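These are my notes on a look through one model.

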Amino acid sequence: MWAKLRWGWDRIVAYLILAAIAAPFLTMYVGFFLRAFGKGMTLGILPKEFGFTNFRFLWEPIAWGLGQTTMWAALGNTLAFAATSGVVVTVICMLAGYALSRIEFRGKNLFLALQLFLHAVPGQVLLIAIFFLLFYIKLLHKIPGVALARASLEIPLGIWMAKGFFDGIPWDVERSAMIDGCTRLQIWYKIFLPLVRPGIAAVFIWGFLFAWHDFIYVYTLLPGTTKLMSTLIQSLLATEVIDYGYLAALSLIYMIPPLSLFVLLQRALLKVPVFGGKGV
Amino acid sequence: MGPSLGLILLFYFVPVVLTLLIAFTDMGRALKWNFIGLDNFARLFGVGGRDPFIVKIITNTLIYVTGSLPLTVVGGLLLSVLSMRMHRGAGLFFRTVFFIPRAIPPVVWGFLWAWSFEGTRYGLFNGIRAALGLPVVHWLIRYPMLIVILANGFLGISLAMLVFSSAIASIPRDFTRAAEVDGASEWQIVRYIIVPLLKWPILTMTAWHLMSFINSYVYIMLITGGGPYYATEVWALYGYHAAFNQYRYGYGASIMTMLVIVNVILLLILIKAFGMRRMLERGKIEV
C-alpha cells in the first residue's frame with residue numbers, strides 16, 4: 001500500500017484536509033511552548049524575547065487567593081499520590097493477573113463484565129458515595145486514602161494487562177519448577193517475577209500515570225490546602241488575573257515526569273494495550 | 001484475587017449502593033442521614049416543587065452528546081482513513097498530533113482550551129486576531145457549547161482514530177491491491193472496502209463513547225465550569241455541583257442515581273445487541 005504512492009489529486013486533497021484540521025492544534029501546542037519560555041508577546045503568539053521568568057515558581061512561593069504554597073510541595077504531593085496508587089495497582093494486579101492466567105476457576109468472565117461495568121458507571125459518577133466512604137473509614141482528606149480509591153479505578157484493566165504478560169510465559173517453565181519441588185508462592189517470586197519485569201514496569205506506570213494526571217479525585221477528596229500539581233494549576237486558572245505564561249511553564253513542569261518515565265521505559269511499554277480508562 | 005476483589009468491592013459496589021441510599025435522604029452539610037423517601041426524585045421529575053433548571057440541563061446534555069458523539073466517530077474515521085492512506089511518515093505525524101490530547105493531563109488540556117479561547121487579547125486566538133487587526137471575540141461566552149463539544153470531541157477522536165487505524169492496518173493488503181488492479185479510485189477503495197470492514201470497530205467506539213460522553217463532566221468543569229449561566233451545565237456536572245458546591249449531597253446523589261440507571265439500561269441494551277465478548281474485542285476486523 002505504501003510502496004508506490006503517487007501524488008494524485010485525491011492524495012493532495014487528503015493532505016490539505018488533515019493539515020487544515022491539524023493547524024489550530026499545532027498553533028495551540030507551539031503557542032504553548034512559546035508562551036512558557038517567552039517574555040511579553042507581540043503579534044499574538046510571538047514572544048519579544050526568551051527567558052525563564054515564567055519559571056520563577058522554581059525558587060519563589062506560589063500564591064492563589066489567600067493561600068500560598070510552593071511548586072515543590074505540590075510536586076512532592078503529586079509524587080506521593082501517584083507512587084502510592086502505582087504500587088497498589090501493581091501489587092494487586094500482578095497477584096490477580098497470575099491467578100487469572102494460571103488457575104482455572106469460575107467467574108473468570110466476571111472480569112470481562114467488570115471492565116464494561118466500570119466504564120458504564122465510572123468513578124466520577126460515584127464520587128459522592130466515595131466521598132462518604134472515605135469519610136466513614138477516616139481516610140478522607142488524606143493522600144494515601146484518596147490514592148487507594150483512585151487505584152481501584154485502574155485495577156480491572158490493570159489485571160487484564162498483567163494477565164496478558166503471564167499468558168506469554170510458557171507453562172513448561174512453571175511445570176519444571178514444580179517438578180523440582182517449588183511451591184506456588186516460590187514459583188511466583190523466584191520464576192515469574194524476574195520474567196515479567198517489563199510487565200511490572202508497565203502496570204506500575206499505568207497506575208502511576210493515571211494518578212499523576214488525575215484531577216477530579218484529588219480536587220474533590222483532598223482539602224483545598226493540600227495542593228497537587230493538577231489542583232494547583234486549576235486554582236491558578238480560576239483566579240481573577242491569570243498569568244498564562246506562568247501557567248504554561250507550570251504545566252510544562254507538571255508534564256515532564258510522566259513523559260520522561262515514558263521515554264525511559266518505552267520498550268516495556270510497547271506491549272501495553274492503550275484502550276480507554278480515562279473517562280472519555 | 002482476594003485483595004483485588006476486596007478493593008473493587010469497597011470502592012465500586014459499595015459506592016453504587018451508597019449512592020442509591022444517599023439519593024433517598026436530604027443529606028446536607030451536616031452529613032445527617034435523614035430519609036425523605038422519593039422527594040429528591042419528585043423534584044427532578046417536576047412533581048411538587050420543580051427544579052427550574054432541569055429542562056435546561058436535559059437540553060444541554062442532549063446537545064452535548066449528539067454533538068460530540070458524531071464528531072468523535074466520523075472525525076476519528078476521517079482522520080484514520082486519511083492518515084493511513086498517505087505516506088507513512090506524514091501519517092504518523094498527523095496521528096501523533098491528534099493523539100496528544102490523550103497523552104497530556106486533563107488539567108493541561110483544559111488550560112489549553114481556556115487559554116486559546118480566552119475572550120481578551122491575552123488569549124491565543126484573540127491575540128492572533130488582534131495582531132491581524134480584527135476585534136476580539138468572546139468565544140467562551142458566545143459559543144460555549146461548541147467549544148466544550150470540540151474539546152471533548154477531539155479527546156474522543158484520539159482514541160477512535162487509534163482503534164480505527166490499527167483496524168485498517170490489519171486489513172489484508174490483497175483486498176486493496178486487488179481493487180487497485182481493477183481500477184478502483186481512492187474514494188471507492190475507502191467507501192467499498194475499508195469502511196465496510198470497520199463495521200465492528202465503529203460500533204464498539206460508538207457505544208464506548210456514548211457512555212463516556214453521558215458521564216463525563218471533568219473537561220467541561222475545567223473549561224467553562226458549566227457557565228456562562230448554565231449554558232454548558234450537563235446532567236453529570238449538575239449532580240457534581242449540587243453535591244460539592246451547594247452541599248446538597250442527597251439531591252446530588254439522586255441526580256447521579258438517574259445517571260447510573262440510564263447507564264445500566266444502555267449497557268444491557270448494548271450487551272443484548274452486540275454480545276459482551278464482541279464489545280471488548282478491540283479493533284478487530286472480520287474478514
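Is A:Ala80 buried, partly exposed or exposed? I counted 14 C-beta neighbours inside 10 Å, so A:Ala80 goes down as partly exposed. The cut-offs are 20 or more other C-beta atoms within 10 Å for buried, 12 or fewer for exposed, and partly exposed in between, with C-beta atoms placed from the backbone.

Ground rules, before going further. This is a predicted model, in which local features need pLDDT of at least 70 and side-chain atom pairs count only at pLDDT 80 or more, while totals for chains, interfaces and linings use all residues. Residues are numbered from 1 along each chain as its sequence is written, and chains are lettered from A and ligands numbered from 1 in the order in which they are written.

Entry: I placed A:Ala80 in helix α2 of chain A; helices are DSSP runs of H or I with at least four residues, numbered from the N terminus. From A:Ala80 to A:Phe208 I read 9.9 Å, C-alpha to C-alpha, across 128 residues of sequence.

Entry: α8(A). This helix covers residues 197-213. Its 17 residues reach 24 Å from first C-alpha to last, close to the 24 Å expected at 1.5 Å a residue (1.5 Å times one less than the number of residues). I found 13 of the 17 residues buried, so α8(A) is largely enclosed by the rest of the structure.

Entry: α1(A) against α11(A). The two pack at about 105°, with axes 7 Å apart. That makes α1(A) roughly perpendicular to α11(A), the term for angles of 65 to 115 degrees. On the α1(A) side I noted A:Phe32, A:Arg35 and A:Ala36, which meet residues of α11(A) including A:Tyr244 and A:Leu252; contact is C-beta atoms, placed from the backbone, within 7 Å.

Entry: the interface. I have 65 residues of chain A in contact with 75 residues of chain B. The largest share of the chain A side, 13 residues, comes from α1(A). By class, that side has 49 nonpolar, 13 polar and 3 charged residues.

Entry: confidence. The predictor gives the complex an ipTM of 0.85 and a pTM of 0.86. Chain A averages a pLDDT (per-residue confidence, from 0 to 100) of 81, with 85% of residues scoring at least 70. Over residues 272-280 of chain A the pLDDT is below 50. Where pLDDT is low, the predicted coordinates should not be read in detail.

Key
Two residues are in contact if their C-beta atoms, placed from the backbone, lie within 7 Å. Ala, Val, Leu, Ile, Met, Phe, Trp, Tyr, Cys and Pro count as nonpolar, Asp, Glu, Lys and Arg as charged, and the others, Gly among them, as polar. Axes are lines fitted to C-alpha atoms, for helices over the stretch in contact, and angles run from 0 to 180 degrees between N-to-C directions. Angles under 35 degrees count as roughly parallel, over 145 as roughly antiparallel, 65 to 115 as roughly perpendicular and the rest as oblique. pLDDT is the predictor's confidence in each residue, from 0 to 100.
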